[in-house]
Amino acid sequence: PDQEQIIALGSDVVFTTGMSASHGEDVFASVKEAGVCVLDIPSSASLNDIKEDIKFIGDATSNSDAAEKIVSEMEKAIEEISKIAATIPEEEKKTVLFELFTTSADSPTIYTCGSNTYIDEMISLIGATNVAGQEEAQWPALTEEAAVAMDPQVILTADMYTDDVINVLLSMSGWENVSAIKDQSVYQIDNDTVNRPNHHVVSAMIEMARDIYPDYYE
């Protein structure tokens, strides 16, 4: 980061993430020395992390009440979703592959969400099972063979790089016998709402829930 430009902006507070760091060095040392408060927010691994971050930002900007209101609205929506999920019979619960990046000739792997991620938690709260939920890595790269063997009943994609991604997924060679492909249960989720750990993930949850269980979440 260009520390001189950051200082010149005259901010009271600068929020950073792990992506702002470089080789373990304090790349904001000059900013701090200039008297600017630098607050680092690690990437959220859970919905609770997201709520705590919102409250933290609220406290840091003297907007605690507004932050608490946002968190309260999140909790109400999540509670409503969880109540509906509890009504779904076990035999109707579905398995889901959530993909962030679709396999191609140039990149023969599928990036998905594993354990200890807020997306995995969201899938569970909806009443479904993440087929990659047992993967230890938060964001594992699966081979096509591994993904096919998981035989998801639903595929959700947040891939924003592949043109016409739904039809690409539906027509991939070797995937013909995957349940989600046979049933054409492949849906695109808004990338902005699902990939950014803030209160808008609730909108992504609702979108995902309606795609997976349209009858229950009508």
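Predicted model: local features only at pLDDT ≥ 70, side-chain atom pairs only at ≥ 80, totals over all residues.

Visitor: Why is Thr16 called buried?

Guide: Buried means under 20% relative accessible area, exposed over 50%, and partly exposed in between (1.4 Å probe, protein chains only). Thr16 has 5% relative accessibility, so Thr16 counts as buried. Thr16 is part of strand β1, residues 13-16; a strand is a DSSP run of E with at least two residues, a helix one of H or I with at least four, and both are numbered from the N terminus.

Visitor: Why does Ile57 count as partly exposed?

Guide: Ile57 has a relative accessibility of 33%, which is why it counts as partly exposed. Ile57 belongs to helix α3, residues 47-60.

Visitor: What makes Phe15, Phe56 and Ile57 a nonpolar surface patch?

Guide: Patch residues have over 30% relative accessible area and no salt bridge; nonpolar side chains (Val, Leu, Ile, Met, Phe, Trp, Tyr) are joined within 5 Å, like charges within 9 Å. A salt bridge is a side-chain nitrogen of Lys or Arg within 4 Å of a carboxyl oxygen of Asp or Glu. Phe15, Phe56 and Ile57 make such a patch, of about 230 Å².

Visitor: Which residues gather in a patch of negative charge?

Guide: Glu91, Glu92, Asp215 and Glu218 do, on the surface. Asp and Glu count as negative, Lys and Arg as positive, while His and the chain ends are not counted. Across the protein there are 11 positive and 40 negative side chains.

Visitor: Why is Glu91 called exposed?

Guide: The relative accessible area of Glu91 is 68%, so Glu91 is exposed. Glu91 sits in the loop between α4 (64-85) and β3 (95-101).

Visitor: Why does Asn116 count as exposed?

Guide: Asn116 has 52% relative accessibility, so the label exposed applies. Asn116 lies in the loop between β4 (109-112) and α5 (118-126). Its phi is near 60°, a positive value in a residue other than glycine.

Conventions. Residues numbered from 1 in each chain as written. Heavy atoms only, no water. Areas by Shrake-Rupley, 256 points an atom, 1.4 Å probe, with all protein chains shown as cover. Charge placed at Lys NZ, Arg CZ, Asp CG, Glu CD.
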